[in-house]
Amino acid sequence: MYKNQEHMLSTILQEAKFTASYTGREAFDERVMQAMQLVNRKAFVSGDNKDFAFENRPLPIGHGQTISQPYMVALMTDLVDVTPKSIVLEIGTGSGYQAAVLSHLVRQVYTVEKIPELAESARQRLEALGYKNVEVRSDSGYHGWKEKAPFDAIIVTAAATHIPQSLVDQLKPGARMVIPIGLPHMYQELMLVAKGKGGTTHTDSVMGVSFVPLVIGDDEDLINPNGSSNAD
Ligand code: SAH
């Protein structure tokens, strides 16, 4: 039998309990769970994948990319502690699902997608679904989105080998970023970067994860070959 959305939500709550010792969170914020309820994941996948939309696993969205596991979307959204006033940056728009979840919780979502076809289809999908506070940019997000910075939160939904300094620079004091760090196509760790009021950053590993790689061009990497956070 195909799973329904109720099943998806209860699986997220269950997994949140299982992982509480890593995340420090027994349950996710009620507002985060409400946002997860308001967004129909089925609208973000196509063809046969619609049958599996409410299963707690990533699904293909074309171009070798995936829509993240619903639990991971809820966790990342919860970890950045957004408010209705927040301005948020997402790197890796993919299907637009994470951006849609965020859009219910914050004032404005800016999201960057490297693959132009995915950026365009996410833009059209979000527009058709009536999301007005999400702006999609087709570009590499390695350097963030300078014109819209600084942000109250940044969610990176592709795995990087290191924490890009440009993203840390675009966090407001008091803001948070979640980003998977590790080797491409292998084990990564979900890192939570918190910028203190004074501007120093503190980085913690939350748990082991597996994401598609953040693609960085050679020319981009040269600008910041050893980007890392200023841990305090
Ligand atoms: N958040 C998405 C899932 C994203 S999968 C969702 O909710 O559906 C990761 C995405 O990151 C892919 O679409 C991939 O194309 C994109 N990506 C990879 N490297 C990138 C980069 N340097 N800048 C922006 N997007 C990138």
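In which helix is Ser103 found? I located Ser103 in helix 5; helices (H or I, at least four residues) and strands (E, at least two) are DSSP runs, numbered from the N terminus.

**Entry 1: basis.** I note that this is a predicted model, in which local features need pLDDT of at least 70 and side-chain atom pairs count only at pLDDT 80 or more, while totals for chains, interfaces and linings use all residues. Residues are numbered from 1 along each chain as its sequence is written, and side-chain values use heavy atoms, with hydrogens and water left out.

**Entry 2: Ser103.** I looked up the relative accessibility of Ser103 and found 9%, so the residue counts as buried (buried is under 20% relative accessible area, exposed over 50%, partly exposed in between; 1.4 Å probe, protein chains only). Leaving aside neighbours within four places in sequence, I found Ser103 in contact with Val109, Tyr131, Asn133 and Val134 (contact is heavy atoms within 4.5 Å).

**Entry 3: helix 3.** I then examined helix 3, residues 30-38, where Val32, Met33, Ala35 and Met36 are buried. Viewed down the helix axis, the buried residues fall within an arc of 155°, so they line one face of helix 3; the arc is that of the directions from the helix axis to the C-beta atoms. An α-helix has 3.6 residues a turn, so residues three or four places apart point the same way. The partners of these buried residues are helix 1 (5-18), helix 4 (70-79) and helix 5 (97-103). On the other side of helix 3, I recorded Glu30 and Leu38 as exposed. Glu30 counts as exposed because its relative accessibility is 66%. At the start of helix 3, I found a side-chain oxygen of Asp29 within 2.8 Å of the backbone nitrogen of Arg31.

**Entry 4: helix 4.** How many of the residues of helix 4 are buried? I recorded 10 of 10, and helix 4 is thus listed as mostly covered. Among the buried residues are Pro70, Tyr71, Met72 and Asp78. I also checked Asp78 against Glu30: the two are 48 residues apart in sequence and 9.6 Å apart in space, C-alpha to C-alpha. Asp81, which follows helix 4, has a positive phi, near 50°.

**Entry 5: surface.** Finally, I looked up a nonpolar surface patch of about 360 Å², made by Leu183, Met186 and Tyr187. Patch residues have over 30% relative accessible area and no salt bridge, with like charges joined within 9 Å and nonpolar side chains (Val, Leu, Ile, Met, Phe, Trp, Tyr) within 5 Å; a salt bridge is a side-chain nitrogen of Lys or Arg within 4 Å of a carboxyl oxygen of Asp or Glu. I placed Met186 in the loop between strand 7 (171-182) and strand 8 (188-195).

Key
A polar contact is a pair of N or O atoms within 3.5 Å; within protein, one must be able to donate a hydrogen and the other to accept it, and residues adjacent in sequence count only if both atoms are side-chain atoms. Accessible areas come from the Shrake-Rupley method with a 1.4 Å probe; for residues, only the protein chains shown count as cover.
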